[in-house]
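Here are some notes on the model for your review, beginning with the charges and ending with a single helix.

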Amino acid sequence: MEKFQRYYLSFLLLIVYTNTIAQVNCNAIEGEDCKKACELYNQASDLQGFRESQEGFDRAIELCPDFSNAYMEKAVPYLKNGDFATWKILIDKAVTLNPKMHLGYRGWCKFQFLGDYKGAIQDLEKFRKYYPEDLGRSLNGDYHLDVVKAMSYSALGQKEKAAGIIERLLATKGYVKGMFDHYQLGVTYFEQGKYDKALENFEKQSKEYDFAENIYFKSKVSKIRNKDYLDLKMLALQTYDDGKTMKDVYTHHFNKVYRQQIEEL
């Protein structure tokens, strides 16, 4: 319970952070037009998703065409609404202007929204040039960007490489685990037929934060080993019905499991 509270507190802090990350200190911007563009950008960021917001970003871009943040924030509604073509034009412009700021975000979006796993890996590898010690976390806070890279390798069939990345990250001194790290590592081992290692990670996940998908995979291991798995299956269904699942507002998690899959086990 204490560990879950730690995760929950981290999530609340992330909400505060993501609500303020868009704001820019306009006093640090050079040039009167770019300062004005920055002020327009900050105002528009508070109205994200509304027409007035997009119009504000457009005015900011007209005043200061090299202001990368305006392109990035203008792209967000297109990403959320599934207009990936328009999103890509805008986010690519932001990355061209300021790769150090936007490459990691674009890599995560390629993984999470587009399923462009090769593109995600390429962006995150380039991003490491700017942050060789620590890539940081995805904007929603669910995963360290190295875990995002590992899941991308897993999706491309490179399971052993994926597991190695997460194992090294978990062994790094000072690393703060994400809510689903052990689950994703467990699934990666499960898909390699390494059931001892898979179960070890599912058990660690249960102790830190348990949810229906994790219980489902524990029941799968039991079934494969010809052990009683029905109690775990029923617990997974109950946990699913209680709403304790992997959730995302705009898309779905990697290795997400749905109720029908549990029922068919």
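1. The mean positions of the 38 positive and 38 negative charges of the protein lie 5 Å apart, where Lys and Arg count as positive and Asp and Glu as negative, with His and the chain ends not counted, and where the place of a charge is NZ of Lys, CZ of Arg, CG of Asp or CD of Glu.

2. This is a predicted model, in which local features need pLDDT of at least 70 and side-chain atom pairs count only at pLDDT 80 or more, whereas totals for chains, interfaces and linings use all residues. Residues are numbered from 1 along each chain as its sequence is written, and side-chain values use heavy atoms, with hydrogens and water left out.

3. The secondary structure comes to 14 helices and zero strands, taken as DSSP runs numbered from the N terminus (helices: H or I, at least four residues; strands: E, at least two). The C-alpha trace spans about 70 × 35 × 35 Å along its principal axes, and 48% of the 265 residues count as buried (buried is under 20% relative accessible area, exposed over 50%, partly exposed in between, with a 1.4 Å probe and protein chains only).

4. In helix 13, the buried residues are K233, A236, L237, T239 and Y240. They cover an arc of only 165° around the axis, which puts them on the same side of helix 13, the arc being that of the directions from the helix axis to the C-beta atoms. On the other side of helix 13, D231 and M234 are exposed.

5. The buried residues of helix 13 pack against helix 12 (212-224) and helix 14 (259-263), with contact meaning heavy atoms within 4.5 Å. Just after helix 13, G243 takes a positive phi of about 85°.
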